[in-house]
Amino acid sequence: MAWQQFGALPDGWPRVQAILDFVHGHIRFDYNCARGDRSAHDALTDGEGVCRDFAHLSVALCRAMHIPARYVTGWLGDIRWPRVPGPMDFSGWTQVWLGGRWWDVDARHVTPRHGRVLMAGGRDAADVAISTAFGAATVPRVHVISDEVDPPAEWLGSNHETVPFAA
């Protein structure tokens, strides 16, 4: 399916952007339909999911097209984005290897989001689970805030920039 959908596109960023656009247009985001056992194929056929499902399908399609990709997880802040009432949330997104470095990409949003707090990366969500509990687990409170500050000079040009998305 991936080669039929994206095989005629140029290698590199144009192909990644097409994959992100496809996933973004194919999956409807809905917290209420979250499932811990949804595979990338399920996300494709169900057409619904949460950030983890957008990321899994993006990773699967990129890998099918020989684009190295990994699943990453962390916090998604609201820097340079309209503030959402309530706390920040865990998020899953994708990193792709292009031009000799990893780039953060996100099929759920398809536009750059600043303020991501990267916690871990792996093959898929199972590699980087935020929490694994056997039995009941109670988290009384988690509160994370991200604010934009001027980065120290040594951070400029670091490997944590966002891909310049096509307009």
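Tutor: The discussion below takes the labels in turn and sets the values against the cut-offs.

Student: How do you know how far the coordinates can be trusted?
Tutor: This is a predicted model, and the protein averages a pLDDT of 85, with 87% of the residues scoring at least 70. Residues 158-167 fall below 50 in pLDDT, and this stretch has 29 contacts in the model beyond near neighbours in sequence. Where pLDDT is low, predicted coordinates should not be read in detail.

Student: What makes up the secondary structure of the protein?
Tutor: The protein has four helices and six strands. From the N terminus on, the elements run α-α-β-α-β-α-β-β-β-β.

Student: What makes β5 and β6 edge strands?
Tutor: The open sheet has four strands in the order β5-β4-β3-β6, with antiparallel pairing. β5 (101-105) and β6 (114-122) each have a single partner strand, so one side of each is left without a neighbour in the sheet. From one strand to the next, the twist averages 40°.

Student: Why is the pair W97 and W102 called edge-to-face?
Tutor: Ring centres must lie within 6.5 Å for a pair, and planes over 60 degrees apart count as edge-to-face. The centres of the W97 and W102 rings are 5.3 Å apart and their planes stand at 70°, so the pair is edge-to-face. A search of the whole structure finds five aromatic pairs. F29, Y31 and F54 form one aromatic cluster.

Student: Why is β4 described as largely enclosed?
Tutor: Seven of the ten residues of β4 are buried, so this strand is largely enclosed by the rest of the structure. For the protein, 41% of the 167 residues count as buried.

Student: Which residues are most connected within the largest nonpolar core?
Tutor: This core has 26 residues, of which F6, I19, V23, L61, I67 and V96 touch the most other members. At least two core residues come from each of α1 (2-6), α2 (13-26), α3 (40-46), α4 (51-64), β4 and β5. The most is given by α2, with seven residues. In soluble globular proteins, nonpolar side chains tend to be buried together.

Student: What does V23 touch?
Tutor: Not counting residues up to four places away in sequence, V23 touches F54, L57, S58, L61 and A107.

Student: How much of the contact pattern joins residues 24 or more positions apart?
Tutor: Such residues account for 63% of the contacts in the protein with a separation of 6 or more.

Student: What makes the backbone of H66 worth noting?
Tutor: Most residues other than glycine have a negative phi. H66 has a positive phi of about 65° although it is not a glycine. This residue lies in the loop between α4 and β3.

Student: Why is H66 called exposed?
Tutor: The cut-off for exposed is over 50%. H66 has 63% relative accessibility and therefore counts as exposed.

Student: How is L9 classed, and what does L9 touch?
Tutor: L9 is found in the loop between α1 and α2. L9 touches R15 and A18, not counting residues up to four places away in sequence.

Key. Residues numbered from 1 in each chain as written. Predicted model: local features only at pLDDT ≥ 70, side-chain atom pairs only at ≥ 80, totals over all residues. Heavy atoms only, no water. pLDDT = per-residue confidence, 0-100. Contact = heavy atoms within 4.5 Å. Pairing = 2+ DSSP bridges. Axes fitted to C-alpha atoms, helices over the stretch in contact; angles between N-to-C directions. Core = buried A, V, L, I, M, F, W, Y, C linked by side-chain atoms within 4.5 Å. Buried < 20%, exposed > 50% of the residue type's maximum accessible area, 1.4 Å probe, protein only. Phe/Tyr/Trp six-rings, centres within 6.5 Å; stacked < 30°, edge-to-face > 60°.
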